[in-house]
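Colleague: Hi, could we go through the charged pairs in this one together? I'd like to start with what counts as a pair.

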Amino acid sequence: MIERVTRPFCLPSHSQHAMLLTLAVLVTACSDDSQERRRSLGDTPSFGDFMRVADAGRGGRLFGQCAACHTVRMGAGDRSGPGLYDVVGKPVATNSRRFGYTGSLRSLGGVWTPERLDVWLAAPAKLVPGTSMTFRGLSDPLDRADVIAYLQTQAVEAEGVEVPTSRP
């Protein structure tokens, strides 16, 4: 005869409860409010509208995919792409003295404004045919605005400034 062993119902231990609570907090902290931000944009949002609701904290998380090739901290140097610390507002192809920018990018000229970064991040090779940057781009304008907002916080004048989050 096989004896059936039953266990009484037990509540999670203190450590399991703490772990579940921590997990719930992390999920909430990492949640994306992009749907709410999109609703606030209206039917035909402009670049300025996207920047108005941009979330630099989320942009920092999205920058993780850029970090394979780029650094963004002061003095961090270059990787296979140039360091991007303090890039917003700088002339194109000048942010790193050591990086070998392509002639195509150097010939673009101008300054890395938020608007120009938006076009670049949408499709680098479309803006600069012949660029060595193999990244296909970010198709979502809200993602681009978030990354641009993050890059704006990684600048000399932003030192010591708290990273802004989305604004209603």
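Modeller: A salt bridge here is a Lys or Arg side-chain nitrogen within 4 Å of a carboxyl oxygen of Asp or Glu. This is a predicted model, where local features need pLDDT of at least 70 and side-chain atom pairs count only at pLDDT 80 or more, while totals for chains, interfaces and linings use all residues. Residues are numbered from 1 along each chain as its sequence is written, and side-chain values use heavy atoms, leaving out hydrogens and water.

Colleague: Great, how many salt bridges does the structure hold?

Modeller: There are 7 salt bridges.

Colleague: And which side chain does Asp-140 meet in a salt bridge?

Modeller: Arg-38, at 2.3 Å from N to O. Asp-140 sits in the loop between α7 (124-127) and α8 (141-153) and Arg-38 in helix α2 (residues 34-39), so the pair links parts 102 residues apart in sequence. Helices are DSSP runs of H or I with at least four residues, numbered from the N terminus.

Colleague: Switching over, what does Arg-58 pair with?

Modeller: Asp-143, with the closest N and O atoms 2.8 Å apart. Arg-58 belongs to helix α4 (residues 56-62) and Asp-143 to helix α8, so this bridge ties together parts 85 residues apart in sequence.

Colleague: Is Arg-58 buried or exposed?

Modeller: Buried, at 12% relative accessibility; the cut-off for buried is under 20% relative accessible area (1.4 Å probe, protein chains only). Arg-58 also forms a salt bridge with Asp-146, at 2.5 Å between the closest N and O atoms.

Colleague: Which residues end up in one network?

Modeller: Through shared partners, Asp-33, Arg-37, Arg-58, Asp-143 and Asp-146 are joined.

Technical notes: Helix = DSSP H or I, 4+ residues; strand = E, 2+ residues; numbered from the N terminus. Buried < 20%, exposed > 50% of the residue type's maximum accessible area, 1.4 Å probe, protein only.
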